[in-house]
Amino acid sequence: MASTAEDLPSEIWFYIFTFIEGHDIVQSFSSLNSFFNSLLHSQYLQLHIRIKKNESNKRLPVLTWSHIDLRNIYSLSVGQRKANCLIQFLRWNANYLIYLRSLSIYLRKSKFDNHIQIITSALQQMPSIRNIRIKYTAQFNPDIDHFEPLMLYIFSTKSTIQKCSFNFRMFRYNIIVSKWSISPALKYLKINSTSWNNLFSLLNLTPYLYSLKAVISQSDTILNKDIVLDHLKKANLYLTCSRFIQLELLKNVAPNLESLQVHGNFSLRDPAYFNENLWTYVESPSEKQALRDYIVELKGKVWFTWEAHPPNLQAFIKFTSVTI
């Protein structure tokens with residue numbers, strides 16, 4: 001049995017460090033002794049760094065960064081108030097982040113186009129990047145493709161990104177995919193707010209997609225329906241718009257889909273709504289009874305299952321390859 005911290009195998013310490021922010025690791029373990037100094041400079045150390053305000057300059061603070069090898073940074077993020085700091089950190093250091101796998105970015109309206117260019121350039125210098133999360137809460141002109149340089153890289157054969165999360169109002173975004181290419185690496189896609197047509201435009205470029213999660217905030221005509229995603233196994237859709245969800249179309253698009261969860265808003269005042277959405281939360285007794293009556297009509301459908309968890313009622317869609 002280990003009697004001191006130094007008696008624990010290095011592998012255990014490397015695992016423990018994955019749960020601690022990088023600055024805290026340096027402040028707590030640097031200069032303790034030769035054992036911990038060797039861990040902090042090991043090629044096997046994986047650091048999650050949350051960029052701070054004073055780390056946006058070309059020259060990084062010596063007190064902290066003399067103990068950090070940029071090649072050991074596995075994950076980078078930043079708070080919303082310090083969004084610009086991460087952009088500048090990437091500007092000066094992207095070429096050293098050769099093992100960075102995860103990047104979380106906040107974008108602000110000020111200097112937006114310039115920051116998009118910096119991020120796009122940085123991604124091309126980081127060969128190990130696999131996961132990117134982008135959040136932008138401000139308004140933008142829906143007639144201008146502000147994200148074009150970034151999207152041109154993400155949706156290209158050069159991209160190494162496997163997981164991508166877009167947290168901005170994509171239903172207001174004028175997607176122009178004519179210049180984009182198929183992304184063979186992208187397998188997980190999460191979109192905070194989009195329209196049906198924009199969603200299908202993206203799906204057309206992700207033939208190896210395995211998992212999809214999307215909030216559909218706007219209903220419109222789907223222009224590109226001739227898509228087959230053989231690798232898509234999981235989809236989770238939340239509908240904030242009361243328009244028809246084309247279950248048969250989705251089944252054609254993803255013939256090997258194993259589970260599709262559709263969440264929406266149940267409305268007793270609109271009987272036709274039962275043909276458009278399924279629900280995960282029902283409040284009043286009359287609404288629950290109406291939903292149970294409708295569930296009876298769906299018995300025998302191989303793609304529909306439901307569970308009662310009083311006082312709520314949950315409904316799920318589960319597709320199989322069996323023809324309905």
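The largest cavity holds about 80 Å³ of space, where a cavity is a set of points, on a 1 Å grid over the protein atoms alone, at which a 1.4 Å probe fits but cannot get out. The model is a predicted one, in which local features need pLDDT of at least 70, side-chain atom pairs count only at pLDDT 80 or more, and totals for chains, interfaces and linings use all residues. Residues are numbered from 1 along each chain as its sequence is written, and side-chain values use heavy atoms, with hydrogens and water left out.

By this rule there are 2 cavities of 30 Å³ or more. Lining the largest cavity, with an atom within 4 Å of a point, are L199, L203, L212, L232, A235, L237, L250, V253, A254, L257 and L260. Two or more of the lining residues come from each of helix 8 (196-203), strand 8 (234-239) and helix 9 (247-253), helices being DSSP runs of H or I with at least four residues and strands runs of E with at least two.

Elsewhere, the axes of helix 5 (residues 83-93) and helix 6 (residues 112-124), which are lines fitted to C-alpha atoms over the stretch in contact, come within 9 Å and cross at roughly 45°. The two helices are therefore oblique to each other, the class left once angles under 35 degrees (roughly parallel), over 145 (roughly antiparallel) and 65 to 115 (roughly perpendicular) are set aside. In this contact, meaning heavy atoms within 4.5 Å, N84, I87, Q88, L90 and R91 of helix 5 meet H115, I118, I119 and A122 of helix 6.

Technical notes. Axes fitted to C-alpha atoms, helices over the stretch in contact; angles between N-to-C directions. 1 Å grid on protein atoms, 1.4 Å probe; cavity = no way out; pocket = protein on both sides within 12 Å on 5 of 7 lines; lining within 4 Å. Points joined across faces, edges and corners; volume = space filled by probe spheres on them.
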